Amino acid sequence: MSTTAAQPAVDHEYVLGTNEAELERLGLQHRLWGAQAYALWERAGFRPGCTVLDIGCGPGFATFDLAALVGSAGRVIAVDSSKRFLDHVRAQCAARGVGNVELLAADVGRLELPARSLDGAYARWVLCFVPDPAAVLRAVAHALRPGAALAVQDYFDYASLTLAPRSPVFARIVDAVNRSWRAHGGDPDVVGRLPQLFAECGLELRELRPHLRVARPHEPLWQWPATFFRNFVPAMVREGFLTAQDQADFESDWAERARDPNSFFVAPPVYDVLAVKPR
Ligand SMILES: C[S@@+](CC[C@H](N)C(=O)[O-])C[C@H]1O[C@@H](n2cnc3c(N)ncnc32)[C@H](O)[C@@H]1O
């Protein structure tokens with residue numbers, strides 16, 4: 001493992017924060033979405049010996065699985081702007097004896113990567129948080145070898161996230177999430193812009209495939225929204241996107257739904273997106 005500080009990391013932290021609770025939430029999220037990630041990596045052609053860029057790697061939950069996939073003959077370059085998350089990845093590399101992960105502290109909107117240096121790249125739930133996804137894609141397109149793929153997992157139609165039966169207070173919370181991410185420069189519908197952005201940087205769109213998932217209160221996937229709202233609703237109150245009364249209404253409604261076996265949660269559509277650099 002090595003660390004490169006190519007440019008100073010951005011001085012703002014991403015909208016969901018990088019505290020212990022967010023680190024744990026990202027771990028749970030990876031366990032709930034790991035199968036979908038593996039399947040996409042396989043279709044992207046990631047395999048032993050490849051050099052793969054993990055864009056916005058966070059605490060590295062996907063990074064370590066990618067490192068195992070590419071093996072000792074391959075390499076994962078894990079880039080993030082959060083020093084705290086990169087410190088976690090570094091400590092985990094040491095604890096697990098992982099030697100094929102290279103850390104890069106950088107703003108993914110300002111990457112400078114050598115031309116034709118990557119056999120693949122992966123971006124999960126990061127393009128929806130960056131103000132200029134086109135800049136990320138330009139740098140990645142430049143760095144991919146001809147024939148190599150960029151695999152993305154991210155949102156479109158985030159506002160379709162809902163509870164059944166419908167809940168007016170839940171709809172207010174979803175609207176606040178949307179406004180808060182946009183105020184921080186993100187776009188919870190970013191996948192809708194990707195085909196055009198790929199065309200502009202010379203990448204060919206090969207696949208656009210949505211996952212529509214639902215969860216009942218007793219199912220593991222229910223913990224995905226539960227942890228997200230537990231962490232993020234108080235932050236949205238602090239930032240003025242919700243009132244304390246909204247929070248109280250939401251918490252009581254959510255607790256009631258969690259006890260109701262006839263209730264279910266409809267996740268926002270996560271899209272698998274594959275784009276290839278032409279040969
Ligand atoms: C939701 S987390 C996803 C982490 C990881 N990709 C995963 O799927 O587990 C978003 C990550 O993007 C990083 N991030 C957001 N904006 C960034 C930027 N402009 N430059 C670098 N990293 C950024 C955050 O620090 C955070 O680690």
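The crossing of helices α1 and α7 is left-handed. This description rests on a predicted model. Helix α1 covers residues 20-44, and helix α7 covers residues 223-238. Two packed helices are described by the angle between their axes and by the distance between those axes. For α1 and α7 the angle is about 165°. Their axes lie 10 Å apart. Angles over 145 degrees count as roughly antiparallel, and α1 and α7 are therefore roughly antiparallel to each other.

The α1 side of this contact consists of Ala21, Glu22, Arg25, Leu28, Gln29, Leu32 and Trp33. The α7 side consists of Gln223, Trp224, Thr227, Phe228 and Asn231. By class, the residues of the contact divide into six nonpolar, four polar and two charged.

Glu22 belongs to helix α1 and takes part in the contact with α7. Is Glu22 buried or exposed? Its relative accessible area is 2%. Residues under 20% count as buried, so Glu22 is buried. With residues up to four places away in sequence left out, Glu22 touches Tyr14, Leu16, Gly17, Phe85 and Asn231. Asn231 is also listed on the α7 side of the helix contact.

The relative accessibility of Ser180 is 1%, so Ser180 counts as buried. Beyond its neighbours within four places in sequence, Ser180 is in contact with Val15, Phe232, Met236 and Phe241. Among these partners, Phe232 and Met236 fall within the residue range 223-238 of helix α7.

The cysteines were examined next. A disulfide is a covalent bond between the sulfur atoms of two cysteines. The count of disulfides comes to zero. Cys50 is in no disulfide. The cysteine sulfur nearest to that of Cys50 belongs to Cys57, 18 Å away. For Cys57, the closest cysteine sulfur is in Cys93, at 9.6 Å. A disulfide requires sulfur atoms within 2.5 Å, so the separation of Cys57 and Cys93 is too far for a bond. Cys50 counts as buried, with 6% relative accessibility. Cys57 is buried as well, with a relative accessible area of 8%.

Backbone geometry was then considered. Most residues other than glycine have a negative phi, and most peptide bonds are trans. Which residues does a cis peptide bond join? The bond is between Ala164 and Pro165, with omega at about -15°.

Positive phi values occur at Trp125 and at Asp157. Neither residue is a glycine. Phi of Trp125 is near 50°. Trp125 lies in the loop between β5 (118-124) and α4 (133-143). At 9% relative accessibility, Trp125 counts as buried. Phi of Asp157 is near 60°. Asp157 is located in the loop between β6 (144-155) and β7. At 38% relative accessibility, Asp157 counts as partly exposed.

Key. Residues are numbered from 1 along each chain as its sequence is written. This is a predicted model: local features need pLDDT of at least 70, side-chain atom pairs count only at pLDDT 80 or more; totals for chains, interfaces and linings use all residues. Side-chain values use heavy atoms; hydrogens and water are left out. Axes are lines fitted to C-alpha atoms, for helices over the stretch in contact, and angles run from 0 to 180 degrees between N-to-C directions. Helices (H or I, at least four residues) and strands (E, at least two) are DSSP runs, numbered from the N terminus. Angles under 35 degrees count as roughly parallel, over 145 as roughly antiparallel, 65 to 115 as roughly perpendicular and the rest as oblique. A crossing is left-handed if the near helix is turned anticlockwise from the far one by less than a right angle, and right-handed if clockwise. Contact means heavy atoms within 4.5 Å. Ala, Val, Leu, Ile, Met, Phe, Trp, Tyr, Cys and Pro count as nonpolar, Asp, Glu, Lys and Arg as charged, and the others, Gly among them, as polar. Buried means under 20% relative accessible area, exposed over 50%, partly exposed in between (1.4 Å probe, protein chains only).
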